[in-house]
Amino acid sequence: MRPLIAFALLAAVAAPVQSQTTPKVEEASIADLRAMMAKGVSSEAITRAYLARIAAMDRKGPTLRSVIAVNPDAIAQAQAADARRKAGKPIGPLDGIPILVKDNIETKDPVATTAGSLALKDNVTGRDAPVVAELRSAGAVILGKTNLSEWANIRSNNSISGWSAVGGQVRNPYALDRTPCGSSSGTGASIAASFAAAGLGTETDGSVVCPSSINGLAGLKPTIGLVSRTHVVPISHSQDTPGPMARSVRDVAVLFSSMIAPDPADPATKDAAAHRRDYARSLSGASLKGVRVAVLRPRMGDDLKAAFEAALAVLKAQGAVLVDVEAPKSDGLGEAEFAVLLSELKGDLNTYLATTPPAVKTRTLADVIAFNEANKAVEMPFFGQETFIAAEATRGLDDPEYLGARAKSLRLAGKEGIDAMLAKANATILVEPSYGPGWLIEPVYGDQYQGPSSSELPAVSGYPNLTVPMGLVKGLPVGLSFIGTAYSEQKLLEAGYVYEQASHKRVPPRYLPSADVGPGMDGAR
């Protein structure tokens with residue numbers, strides 16, 4: 001079923017059941033939904049409430065365009081969860097909980113996995129990505145697929161975060177003219193708007209952390225190798241990973257706990273089973289007393305600096321020992337990372353496209369490039385595909401230039417980057433601002449952002465990065481990043497939870513047309 005057809009079914013599947021009171025799902029946590037169901041509210045009623053909210057706000061009202069397709073099977077999945085609960089046989093911690101999934105992650109539901117591109121409009125695979133299968137086995141209701149920056153923002157260096165040919169432009173629910181960031185734009189905006197309790201994004205470099213930060217969410221980019229990437233439209237096997245996004249650290253931990261599993265088709269996950277656990281269980285008893293935290297202060301504007309200093313004061317008040325560190329010398333890191341992404345994009349995408357159904361006619365990156373050129377008016381109205389073209393020109397994974405770039409980027413980001421900063425401070429956690437506030441959506445010039453970003457070093461090294469809301473700057477959300485070495489998610493989640501509970505900095509969105517910057521733009525008279 002094509003995404004737009006699936007979305008057309010929304011009014012029908014969202015129709016309320018007359019015998020049930022519509023539950024209030026706005027700002028509801030996973031624990032809140034569990035409590036509702038324990039008191040007799042059905043998963044079906046909760047699912048219908050979310051669908052009704054999407055119908056009222058995603059293609060009308062504030063028109064967030066954050067959901068590419070709703071799942072016509074969502075109600076049946078919720079009814080199955082209700083039947084299990086009635087029989088006293090719930091199957092997991094997410095049983096009956098609706099979630100949204102980024103539309104570069106396959107689900108076996110009758111909707112296409114498009115990566116936002118019309119080239120994949122018929123990519124109805126009938127298979128779950130293993131990460132979705134894990135969530136489904138924990139009882140999750142797959143509510144639908146979220147819009148994204150097309151091809152996860154890798155087609156062009158001049159792209160517009162949150163735009164795709166299939167879904168249009170995602171809007172930030174805090175200020176509709178501001179970016180939702182990307183590439184997990186739709187997941188960020190939809191979860192901020194309470195279209196589901198939590199959702200899945202993916203990250204190669206910043207695509208979970210940035211939309212989480214800029215949409216006022218907690219979001220975790222996990223250690224590479226904890227979560228399978230099979231049946232996820234790829235960019236880079238060195239850096240790609242799905243990650244959980246939610247309105248609280250606890251909900252991120254709950255979702256993450258059900259995502260970890262080894263996958264024989266993804267060799268990076270061979271040790272994942274050793275790290276399966278309930279990451280939410282220890283949060284309530286977590287403490288920062290005596291915990292050494294390395295602090296990185298990048299260049300930033302005064303307003304963001306004030307928010308960051310306030311966050312550091314909260315950490316210090318909770319007992320953390322703060323140790324300033326300097327940014328490592330990383331000359332050439334960006335160029336080396338980009339070279340790796342170009343080479344891996346060609347090979348990984350070609351491998352993925354070869355597994356798609358016969359209805360998908362683009363079987364290679366070269367085919368996609370040709371498709372885009374032939375459909376330029378709808379696929380490339382704002383920006384081109386120079387990154388795709390550069391990737392097609394690469395010489396494979398045996399190329400010495402690629403191998404040298406990968407070794408260099410790993411060394412600069414890991415051993416001489418995060419590892420060195422943590423060692424210098426004798427710390428286990430590094431904190432810094434995730435990103436600044438969202439920039440204007442700009443179809444003429446593309447993304448315009450030159451502020452701080454926490455994503456590159458953990459993305460390249462494969463280390464985890466947790467962002468937690470740090471408040472508003474001129475009415476727009478900003479986040480605080482907690483970064484550690486491989487498999488340090490438990491420490492990061494505990495630290496982020498302590499900060500979150502002490503600061504209470506998340507503010508629900510107001511769907512304003514523009515950022516709330518005050519009256520100064522109008523002058524004194």
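Is Cys181 buried or exposed, and what is its relative accessible area? Cys181 is buried, with a relative accessible area of 4%, where buried stands for under 20% relative accessible area, exposed for over 50% and partly exposed for what lies in between, as found with a 1.4 Å probe on protein chains only.

The legends below describe a predicted model, in which local features need pLDDT of at least 70 and side-chain atom pairs count only at pLDDT 80 or more, whereas totals for chains, interfaces and linings use all residues. Residues are numbered from 1 along each chain as its sequence is written, and side-chain values use heavy atoms, with hydrogens and water left out.

View A. Cys181 belongs to the loop between β5 and α7; helices here are DSSP runs of H or I with at least four residues, strands are runs of E with at least two, and both are numbered from the N terminus. Although Cys181 is not a glycine, its phi is positive, at about 65°. The loop between β5 (168-169) and α7 (185-192) also holds Ser183, and the peptide bond that leads from Gly182 to Ser183 is cis, with omega near 10°.

View B. Asp58 is placed in the loop that runs between α4 (43-57) and β1 (67-70), and with a relative accessible area of 0% it is buried. The side chain of Asp58 makes a polar contact with the side chain of Arg59 at 2.9 Å, a polar contact being a pair of N or O atoms within 3.5 Å, of which, within protein, one must be able to donate a hydrogen and the other to accept it, while residues adjacent in sequence count only if both atoms are side-chain atoms. Arg65 is found in the loop between α4 and β1 as well, and its phi, near 50°, is a positive value in a residue other than glycine. Arg65 is partly exposed, with a relative accessible area of 32%.

**View C. The buried face of helix α6.** In helix α6 (residues 130-137), the buried residues are Val131, Val132, Leu135 and Arg136. Seen down the axis of α6, these buried residues fall within an arc of 140°, so they line one face of the helix; the arc is that of the directions from the helix axis to the C-beta atoms. The buried residues of α6 pack against α5 (74-86), β2 (98-102), β3 (141-146), β6 (198-203), β8 (241-246) and α9 (249-257), with contact taken as heavy atoms within 4.5 Å. After α6 comes Gly139, which has a positive phi, near 100°.

View D. Leu365, Val368, Ile369 and Asn372 are the residues of α12 shown here as buried. They cover an arc of only 100° around the axis, which puts them on the same side of α12. Among the elements that cover the buried residues of α12 are α11 (333-353), α13 and α14 (386-392). Asn375 sits in the loop between α12 (365-374) and α13 (376-379) and is partly exposed, with a relative accessible area of 28%. The C-alpha atoms of Asn375 and Leu118 are separated by 9.0 Å, although these residues are 257 residues apart along the chain.

**View E. The packing of helices α10 and α17.** Helix α10 (residues 302-317) and helix α17 (residues 489-503) pack at an angle of about 105°, and their axes are 10 Å apart; axes are lines fitted to C-alpha atoms, for helices over the stretch in contact, and angles run from 0 to 180 degrees between N-to-C directions. The two helices α10 and α17 are therefore roughly perpendicular to each other, a description that applies from 65 to 115 degrees, whereas angles under 35 count as roughly parallel, over 145 as roughly antiparallel and the rest as oblique. From α10, Ala311, Val314 and Leu315 meet Tyr499, Ala502 and Ser503 of α17.

**View F. Thr223 and its contacts.** Thr223 lies in the loop between β7 (218-221) and β8, and at 2% relative accessibility it counts as buried. The side chain of Thr223 reaches the backbone nitrogen of Tyr487 at 2.9 Å. If neighbours within four places in sequence are left aside, Thr223 is in contact with Gly462, Tyr463, Pro464, Ala486, Tyr487, Ser488 and Glu489.
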